[in-house]
Amino acid sequence: MKNKRTYEESVHYYGRIWMLSAFVLLMAIPVIIGVAFSAWPPLDKVLLGLLGVVPMFWTVAVIEVLTFSPMLGNGGTYLGFVTGNLTNMKVPCALNAMKGAGVEPGSPEGEIISTIAIASSTFTNTIVLTLGVLLLVPLTPILSSPTFKPMFDNILPALFGGLGVAFIAKDWKVATLPLGVMILLYILAPTLPVGILIPVSAAIAISWARFLYKKGHLHRTHDNKKGDL
Amino acid sequence: MDFKNSPIMFFLGGIVSLFVLSQSLFFLLKALKEGKRMGIDSLAMRKAAISSMIFSIAPSISILVGLLALSQALGLALPWLRLSVVGAVTYELPAATAAAAAFGIQGLSNISDPSIFTAIAWVMTIGIIPSLLIIPLFLKKINKGVSRLKQGDVVWGSIFMSALFIGLISAFLGMGVGGGLLSILTLLSSAIIMVGLGILIKKRNLKWLETYAIPISMLGAMGLSLLFSIVL
């Protein structure tokens, strides 16, 4: 290499290559699954499914990039956004490591420590998940038996009951209207597809939050009140 | 053999895990080299690496619980793949549910039709893909713009994010209430366990328990749902 790149330039250069490769790899997966099982779902069904999550997930993606990239630094961002589990693991892990090392997020030293932290965190996560899957394979027939069916049929209420408490406790005023409307809708029509109701519920929650905020009913500092799950 | 746990699916999961490990190793070595050049104490860097590995054990176990939960509907390989890269269980579960709902499947039961399974894989993938394009295209610009954004309305920004998630959770809570008695009881059990854990964490100052609060309430409520199904 004739013109030696600085560390920052090199992180951007290789980061882009890694990230775009991840993009191609991930997009190839449903294609390979489709080919392997000769299974091509009707486009309208896929679009209907996407309608339920894309408006919200894509908005969150933009906000996450804007929020987390200054904390994680460039290397941490290129790595963390590919390896995932940001709000529940990578971001707190990187912040914890920077605090431990006594360096500031966004500083050149912070950039290094944050990258080291996210890489190390990924090693742990990949090892735990891979070992977990290897151990679970022999248990699959037991877990799929009819005895356990009611348990797995109720995963969603089991997750969202606890998550609801954790989240609504922080912003119960914001939750009143969307929660009320959703409960009412489902009592009246229990078979409504949740995919369509997610964006509707999110729109109600945001408009209601905006109204409460403008009226001065929501006072808080933004520290440790981020919308992380 | 169930197609969801076929060798090709595990092969794909393995490829993704290898990719993620390789990228991590690449950036780790790069950061260590640059850190050394900058004069950062190598002991401090080693400490950061070890403490981060230990720090991540608990959240990884919690992610494994999410994987177990998804595995009943989707097999082990796809959730393993999806939870090893981008995303998180709180995205994958709604995405899979929304895709299944498009085929008229309420909740997320054992998916036995390969074409529904493929649709779920598409929705999960496209749902979480945008950051992989936004960052390579715009990170440099974002770096410049962030300082200006920081002066914007940060309080509203944080409320907005929170409201988005409350919207998502409300839709699922509504669905839980509409899902019949067993579903309501499971929902309430999970909520009650969570409240109990919250009180315990506060009163006894058990900070470490926070990471496990969601998986404990989820597993606890799933276990209780089994009990309710026998009694009802």
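By buried I mean under 20% relative accessible area, by exposed over 50%, and by partly exposed anything in between, with a 1.4 Å probe and protein chains only. This is a predicted model, in which local features need pLDDT of at least 70 and side-chain atom pairs count only at pLDDT 80 or more, while totals for chains, interfaces and linings use all residues. Residues are numbered from 1 along each chain as its sequence is written, chains are lettered from A and ligands numbered from 1 in the order in which they are written, and side-chain values use heavy atoms, leaving out hydrogens and water.

A:Asn85 has a phi near 50°, a positive value in a residue other than glycine, and A:Asn85 is buried, at a relative accessible area of 0%. B:Asn205 also has a positive phi, near 55°, yet B:Asn205 is exposed, at 62%. B:Asn205 sits in the loop between helix 9 and helix 10 of chain B; helices here are DSSP runs (H or I, at least four residues), numbered from the N terminus.

Next, the interface. Contact, meaning heavy atoms within 4.5 Å, links 140 residues of chain A with 138 residues of chain B. How many salt bridges are there between chain A and chain B? The count is 0, taking a side-chain nitrogen of Lys or Arg within 4 Å of a carboxyl oxygen of Asp or Glu. Helix 2 (residues 43-83) of chain A gives the largest share of the side that touches chain B, 28 residues.

Methods. Helix = DSSP H or I, 4+ residues; strand = E, 2+ residues; numbered from the N terminus.
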